[in-house]
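This report describes how the parts of one protein meet one another and how a ligand is held among its side chains. Please consult the sequence and the structure shown below while reading.

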Amino acid sequence: MSDRVFVFDTTLRDGEQSPGATMNLDEKIRMARQLETLGVDIIEAGFPIASQGDFEAVQAICKAVGDVQVAGLCRTVIKDIDRCWQAVKEARNPRIHTFVATSDIHMKYKLNKSPEQVLDMAAKAVSHAAQYTSNVEFSAEDASRSDWDFLVKVFETAIAAGATTCNVPDTVGYTQPFEYYEMIQYLLGNIPNAGKAIFSVHCHNDLGLAVANSLAAIQAGARQVECTVSGIGERAGNAALEEVVMAINTRKELYNVETRIDTEQIYPSCRRLSQIIGQPIPPYKAIVGTNAFAHESGVHQDGVIKNRLTYEIMTPASIGRTGTDIVIGKHSGSHAVKKKAEELGYELDDEHLAMLFSAVKELADKKEQIYDEDVEAMILEKVYRRRDKFRLVDMSVFSGTGDVPPHAAVVMEFGSLGGEVDIRRISSFGEGSIDAVFKAIYGLVGVPAKLERYSVNAVTQGSDALGSVAVRIEHEGIKAVGRATDADVVRASALAMINALNRLEKTREEK
Ligand code: KIV
Ligand code: ZN
């Protein structure tokens with residue numbers, strides 16, 4: 001019988017620390033629900049002491065999900081642990097995840113503590129957390145650069161104090177697969193009470209080895225893997241959940257372990273995340289990139305036609321990359337639209353369904369074929385984006401090349417749903433039509449933000465494909481990402497900019 005590997009997803013904590021991946025409360029809840037559908041065992045929902053926003057997000061996620069375990073992160077500091085418990089205690093299965101650094105360099109320069117002091121902090125923190133719950137995880141930050149015998153002592157102490165999961169992070173993405181394998185084996189073989197805890201790995205991707213290191217650790221006996229959807233995370237990211245899981249599944253005979261992940265939810269999960277954070281899945285991304293199953297060379301195509309197994313080690317269907325039987329178009333009724341939304345993982349109430357239905361009808365007049373991606377984009381654009389403070393009412397753009405420079409006229413609505421609404425108009429010149437639109441929007445909102453990044457992608461194929469635009473802006477030290485999808489890329493750009501300004505405003509208010 002194969003062993004179970006627990007999947008600990010930290011998309012909403014370590015992943016959210018990735019530049020440009022900040023999510024608001026609604027988005028975190030939507031992502032958490034998708035993670036539960038995906039079948040992860042533990043969702044790390046945030047770092048409750050970090051801010052009031054983080055605390056509330058962790059609390060809200062605990063209430064929004066069912067039996068999946070929900071972890072909150074905290075330092076080995078009593079007030080952090082208390083705050084963490086306040087945030088997670090309403091979950092059906094709460095976990096406290098406490099960490100302290102154990103490498104010489106971190107203890108000396110970051111913590112200014114001796115190894116004995118760190119050992120003491122770990123013992124006190126874990127026993128304090130264990131008074132709240134028996135589900136306590138202890139992480140030795142920067143473990144891969146720590147002294148192995150010191151780690152033996154720290155983990156032995158943490159387990160004796162009540163830790164049921166011991167995490168061995170490669171915090172700076174420094175280790176190598178064979179070295180990490182030996183390290184995990186050493187720890188399992190030398191910690192006297194190792195059998196009382198599950199050993200976990202948490203790898204960063206600075207040298208591009210996060211997945212390889214995680215797999216080596218599993219091979220050595222680790223039974224929890226910490227990862228993120230699409231590998232988002234600090235710096236170069238964390239181990240990508242979809243890569244670890246598909247490696248384990250595809251090479252079952254080697255690993256002889258299993259997870260509870262519903263692999264057909266992998267692609268929908270990566271797509272959901274990409275829509276939420278406004279960053280497209282790179283085409284060459286393993287498992288979920290557009291090219292991952294595309295065979296371009298004649299020799300490969302010939303082989304695949306003769307027998308798919310010649311060049312395909314897994315099927316697109318196994319990760320949920322298939323079209324479904326329900327085709328949405330001009331003649332679809334609201335029942336079909338509802339069903340499609342459900343297939344994509346969205347439960348819509350009647351009011352939201354009516355909004356989606358009218359958006360589908362509007363799009364069907366402009367576009368021949370409506371793909372799943374289009375429907376999902378509409379759900380996110382038209383349904384979930386209603387409570388914005390700034391909203392686009394209308395715009396017109398002139399993109400001349402002669403004496404009249406490109407200019408745009410923009411009309412926007414200001415105010416919140418149910419409150420006072422103020423309509424404002426402006427026109428502006430620009431270097432190009434998108435620049436003119438952005439200047440007009442800045443003029444209306446009164447925030448001359450700096451545009452740090454701008455990208456356009458086609459959501460589906462064909463010249464009538466929806467254009468998906470992502471922007472990143474910065475103003476007075478606050479960064480915000482915005483995204484939008486529309487059949488017209490200039491309009492999508494305006495909507496993405498307005499979305500970013502709304503998010504900037506929210507962050508400013510939260511601060
Ligand atoms: O990378 C790391 O060490 C972490 C810990 C807090 C687990 O994220
Ligand atoms: Zn990390």
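Domain 1 and domain 3 bury about 570 Å² between them, and carbon and sulfur atoms account for 35% of this area. Buried area here is the accessible area (1.4 Å probe) that two parts lose on being put together, summed over both. On the side of domain 1, the residues that lose the most area to domain 3 are Gly20, Asn24 and Gln275, which together make up 49% of what that side buries.

The model is a predicted one, in which local features need pLDDT of at least 70 and side-chain atom pairs count only at pLDDT 80 or more, while totals for chains, interfaces and linings use all residues. Residues are numbered from 1 along each chain as its sequence is written, chains are lettered from A and ligands numbered from 1 in the order in which they are written, and side-chain values use heavy atoms, with hydrogens and water left out.

**Domains and their interface**

The protein is divided into domain 1 (3-277), domain 2 (334-383) and domain 3 (390-510); these bounds come from an automatic or database domain assignment. The centres of domain 1 and domain 3, taken over C-alpha atoms, are separated by 38 Å. Contact (heavy atoms within 4.5 Å) joins 9 residues of domain 1 to 5 residues of domain 3.

Between domain 1 and domain 3 there are 2 salt bridges, a salt bridge being a side-chain nitrogen of Lys or Arg within 4 Å of a carboxyl oxygen of Asp or Glu. A salt bridge links the side chains of arginine 503 and glutamate 27 at 2.9 Å, N to O. On the side of domain 1 that touches domain 3, helix α11 (residues 266-277) supplies the largest share, 3 residues. Helices are DSSP runs (H or I, at least four residues), as are strands (E, at least two), and both are numbered from the N terminus.

**A salt bridge within the chain**

The total by this rule is 28 salt bridges. In one of them, lysine 28 pairs with glutamate 16 at 3.7 Å, N to O. Lysine 28 belongs to helix α1 (residues 25-38) and glutamate 16 to the loop between β2 (6-9) and α1, so the pair ties together parts that are 12 residues apart in sequence.

| Residue | Distance to an oxygen atom of ligand 1 |
|---|---|
| Arginine 13 | 2.9 Å |
| Aspartate 14 | 3.1 Å |
| Histidine 204 | 3.0 Å |

**Glutamate 264**

Glutamate 264 sits in the loop between β10 (257-258) and α11. Glutamate 264 and leucine 38 are 226 residues apart in sequence, yet their C-alpha atoms are 8.0 Å apart in space.

Notes
Polar contact = N/O pair within 3.5 Å; in protein donor to acceptor, adjacent residues only side chain to side chain.
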